[in-house]
Amino acid sequence: MSNQVYTDYFFDKKAFDNQDGAYIPLETSDAPEKPLLVPPLLKPDKETDDDIYYTVTAQAGETQILPGEKTKTWGYNNSILGQTIVYPVGKHVHVTLQNHLPELTTFHWHGLIVTGPYVDGGCHAPVYPGEEKKIDFTLDQPAATTWLHAHPCPSTAEQVWHGLATMVLVTDEHIKDLPIPQNYGVDDIPIVLQDRHFHEHNQLDYRADYNPDGVTGPTVMVNGTVNPYFDVTTQKLRLRILDGANRREWRLHLSDDLPFTQIAGDSSLLPEPVEMTKLMLTCAERAEIVIDFKDYHDGDVVTLYSDDTPLVKFKIHQFAPDNSVLPDKLFDVKAPKVDPKIPIRKVVMSGMDEGVMIDGKKFQMGRIDATQPVGQAEYWDIVNSNDPQHGMVHPFHMHGTEFLIISRDGKEPYPNEHGFKDTVGVNPGETVRILVRFDLPGLYMYHCHIIEHEDGGMMAQIQAYEPGKPMPKYKLMDMDTLMNAFAKERGIKPEDLWMAGMDSYEKMGMKM
């Protein structure tokens, strides 16, 4: 591992979300400190040598987030967020998807390489209230921290805001052999970062908070906990951090400028560890870091901050010495080769507020915007056409695959971007070149992961097809069917329905 310690957030500071006119600063809640909620691992229904079975239930509930009245929330096998799911690479996974919510939802496996559009769980895979569906797949991808969230466009943002998001850990034999913390709940801890605005009686009111550039709130929730602390009983701690917010970027650092080591990004380990004091995550990005508390003692406290706002306190207790050393090489990145005759694909993310688009168009459920042969590696140039002085970072996400970041405006990617990813923050005025290959046929989405932007039309679809075979025809959801279903479930007329993203189309004079 290099001796260099990086002390920069890397991203264009002019584009930080706190430069936005609609930015809502974080506030330190006066709620009493509580132990950090560490979600339990979801127990399989059954497991054999070759197969593993799970039931994942989307359900409504109430959660004691703040003192006083409980908050009405949604979650997976839980009242908020969910139980952590573990998928072993190579084992055949069977999942029963149950919807116990009052309205339709979808189950999107963000970061899993599975077929689309039905198993992937985008907007074309609805599960209606009271229904269940069964999916199955076998993963062939590196170990990674991925996640599950709702994706029923254009209500993705609202359902995630209610709490429909949980971590999904992909494991393999390689990562099990590494000298890194791996005792879940003790020294291997999920950290889901979100922000919310709590209204009267401690309730969420998404419509009241709605902003077409992304909904934010002043109160930090970490794993659904406000003002959390975690009791540290080991010298080293591995944090699996997810930016699970609808809009907010997190600029993370520890008290005392304590360095930490990033070992993984979205979709794989990094090739080598990267030591740093600052880490910025844009929406939907993940990072795994290892903190070494060797210079701290029983009774000390180390705090994780975003800018100047404390997120979680790590209360140090007596621990046994840990002399393990991270290897210089964590993961062998095998980049697919690109035929130089294949043209570079260009994808332009444009606009802000209601004007967001991809390639000058707003998303239409029935339109396929691009095709790519399965197994064919291509370079994609992802362009953020926002004004460099006044624009915003757009996090670009792809379903059903993982990619490598080749360059930023022709220069090297950030030091912690050399592993596989599925989401990349693109600065305004910047072009990020990525290397993309689809290994499974299917229909997949690509979009900005500011969730209000994807609901507002900053999204497109690509069909990965098998050369020499007929192009499959998929049964795609249409907006009229979706709107009528939501209206019926909410007991209102379709013309009275309001959903996130509708304003963006209406103000642009477009039909969803």
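Trainee: Which ring does the charged end of Lys-362 sit over?

Mentor: The ring of Tyr-505. The charged end is 5.3 Å from the ring centre. Keep in mind that this is a predicted model.

Trainee: How far from the ring centre of Tyr-53 is Lys-46?

Mentor: Lys-46 lies over the face of Tyr-53, at 4.6 Å from the ring centre.

Trainee: Now rings with rings. How many aromatic pairs are there?

Mentor: The count comes to 19. One of them joins Trp-380 and Tyr-446.

Trainee: Which strands hold Trp-380 and Tyr-446?

Mentor: Trp-380 is in strand S27, residues 378-384. Tyr-446 is in strand S32, residues 442-448. The pair therefore ties together parts that lie 66 residues apart in sequence.

Trainee: Are Trp-380 and Tyr-446 buried or exposed?

Mentor: Both are buried.

Trainee: Which residues do ring pairs link into a cluster?

Mentor: Tyr-6, Phe-10, Phe-11 and Tyr-414.

Trainee: Next, the core. Which residues touch the most other members of the largest nonpolar core?

Mentor: Leu-239, Leu-252, Phe-293 and Phe-314. This core has 35 residues. Strand S23, residues 309-316, gives the most to it, with 4 residues.

Trainee: What does Phe-314 touch, leaving out residues up to four places away in sequence?

Mentor: Its contacts include Phe-230, Val-232, Leu-237, Leu-239 and Phe-293. Val-301, Val-302 and Leu-304 are also among them. Asp-300 is on the list too.

Trainee: How do I read a sheet?

Mentor: Strands of a sheet pair through backbone hydrogen bonds, either parallel or antiparallel. Then read the strand order.

Trainee: In what sense do S11 and S12 pair?

Mentor: S11 and strand S12, residues 165-171, pair in the antiparallel sense, over 6 bridges.

Trainee: Last, the backbone. What should I expect of phi and omega?

Mentor: Most residues other than glycine have a negative phi, and most peptide bonds are trans. So look for the exceptions. The bond between Gly-116 and Pro-117 is cis, with omega about 10°. Pro-117 sits in the loop between strand S9 (108-110) and strand S10 (132-138). The bond from Cys-153 to Pro-154 is also cis, with omega near 5°.

Trainee: Where does Pro-154 lie?

Mentor: In the loop between strand S11 (144-149) and helix H1 (156-162).

Trainee: What is the phi of Asn-227?

Mentor: About 55°, a positive value, although Asn-227 is not a glycine. Asn-227 is in the loop between strand S14 (219-222) and strand S15 (228-232). Asp-257 has a positive phi as well, near 50°. The loop holding Asp-257 runs between strand S17 (250-254) and strand S18 (260-264).

Trainee: Why does Asp-257 count as partly exposed?

Mentor: Because its relative accessibility is 48%. Partly exposed covers the range between under 20% for buried and over 50% for exposed.

Key
Residues are numbered from 1 along each chain as its sequence is written. This is a predicted model: local features need pLDDT of at least 70, side-chain atom pairs count only at pLDDT 80 or more; totals for chains, interfaces and linings use all residues. Side-chain values use heavy atoms; hydrogens and water are left out. A nonpolar core is a set of buried Ala, Val, Leu, Ile, Met, Phe, Trp, Tyr and Cys residues joined through side-chain atoms within 4.5 Å. Buried means under 20% relative accessible area, exposed over 50%, partly exposed in between (1.4 Å probe, protein chains only). Helices (H or I, at least four residues) and strands (E, at least two) are DSSP runs, numbered from the N terminus. Contact means heavy atoms within 4.5 Å. Two strands pair if DSSP finds at least two bridges between them. Rings of Phe, Tyr and Trp (its six-membered ring) pair if their centres lie within 6.5 Å; planes under 30 degrees apart count as stacked, over 60 as edge-to-face and the rest as tilted. A charge sits over a ring if NZ of Lys or CZ of Arg is within 6 Å of the ring centre and within 35 degrees of the ring normal.
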